[in-house]
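Here are my notes from going through the model. Have it open while you read, and take the points in any order you like.

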Amino acid sequence: RMLLAEPERAAEVAAHFDHQRLEELFQDLKPPELAPIFEHLASDDAADILAVLAEDIRVEILDLLADEESEDIEELMQYSADTAGGIMNTDFFALDKEMTAREAIVGLQENPDAEAVFYVYCINEEGTLVGVLSLRQLLLVAPATQLKEVMNSEVISVPLTMDQEKVAAIVARYDLLAVPVVDDFNKLVGIATV
């Protein structure tokens, strides 16, 4: 209850708590008290925590959240918790492959809330994942260089339905900090972070 006055800090604590234990802690709180905490949680954490709450509480909390936020959470809740879709975060950062390095850097600066920007994922006009580059690469190229000229088009990605154990094995094998999650059409839909 002490943390309710600081929803951002409460969200930080909740993200590190066992979700079953959170269910016990949250049972005496009303959805209007809980909603501000969920506003500050990453969508993947919010989906995991909401999944253990009673359906009536879950529905009321989702109704209290902004439409875009609740849509992201509801989308994540469609996937089994032990799949790439269930563990991914939809707050990722992707840029059009036609952008220049200068435009990409400005884009990064304008999106400080993007989850774990370790890599810059490049997409085409349809949202299909076509390449990746590291932040270091981005900072070292000439400002007028287009991303498609420096991106690595051999992107390691995982499908939405891949088991989380296999995702972890891929992350470990390739020593990645994050791996993009794609749908059946190779459209970038999220990232799974370490």
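How close do the axes of α3 and helix α5 (residues 55–64) come, and at roughly what angle do they cross? My notes on that and a few other spots follow.

Some housekeeping before the points: this is a predicted model, where local features need pLDDT of at least 70 and side-chain atom pairs count only at pLDDT 80 or more, while totals for chains, interfaces and linings use all residues. Residues are numbered from 1 along each chain as its sequence is written, and side-chain values use heavy atoms, with hydrogens and water left out.

1. **α3 and α5.** The two axes come within 9 Å and cross at roughly 60°. (Axes are lines fitted to C-alpha atoms, for helices over the stretch in contact, and angles run from 0 to 180 degrees between N-to-C directions; helices are DSSP runs of H or I with at least four residues, strands are E runs of at least two, and both are numbered from the N terminus.) α3 and α5 are therefore oblique to each other. As for the cut-offs, angles under 35 degrees count as roughly parallel, over 145 as roughly antiparallel, 65 to 115 as roughly perpendicular and the rest as oblique.

2. **Who touches whom there.** From α3, the residues Pro31, Pro32, Leu34, Ala35, Phe38 and Glu39 meet Ile57, Glu60, Ile61 and Leu64 of α5, where contact means heavy atoms within 4.5 Å. Sorted by class, that contact has 8 nonpolar, no polar and 2 charged residues. (Ala, Val, Leu, Ile, Met, Phe, Trp, Tyr, Cys and Pro count as nonpolar, Asp, Glu, Lys and Arg as charged, and the others, Gly among them, as polar.)

3. **α1 on α3.** Helix α1 (residues 7–15) packs on helix α3 (residues 31–40) at an angle of about 70°, and their axes are 8 Å apart. That makes α1 roughly perpendicular to α3. Pro7, Glu8, Ala10 and Ala11 are the α1 side of this contact, and Pro36, Ile37 and His40 the α3 side. The tally is 5 nonpolar, 1 polar and 1 charged.

4. **α4.** Helix α4 (residues 43–52) is mostly covered, with 7 of its 10 residues buried. (Buried means under 20% relative accessible area, exposed over 50%, partly exposed in between, with a 1.4 Å probe and protein chains only.) Among the buried ones are Asp44, Ile49 and Leu50. The buried residues of α4 pack against α1, α2 (19–26), α3, α5, α6 (67–77) and α7 (84–87).

5. **The sheet.** What is the strand order? It is β4-β5-β6, an open sheet of 3 strands with mixed pairing. β4 and β6 stand at the edges with a single partner strand each, so one side of each is left without a neighbour in the sheet. Strand β4 (residues 158–159) pairs with β5 in the parallel sense over 2 bridges, and Val158 stands opposite Val181. Pairing here requires DSSP to find at least two bridges between the strands.

6. **β5 and its hairpin.** β5 runs antiparallel to strand β6 (residues 188–193), joined by 5 bridges, and Val179 has Ala192 as its bridge partner. The hairpin has 5 residues between the strands, and Asn186 in the turn has a positive phi of about 65°. In strand β5 (residues 178–182), 5 of the 5 residues are buried: Ala178, Pro180 and Val182 point one way, Val179 and Val181 the other.

7. **Thr100.** This residue lies in the loop between β1 (94–96) and α8 (101–109). Thr100 is buried, with a relative accessible area of 19%.
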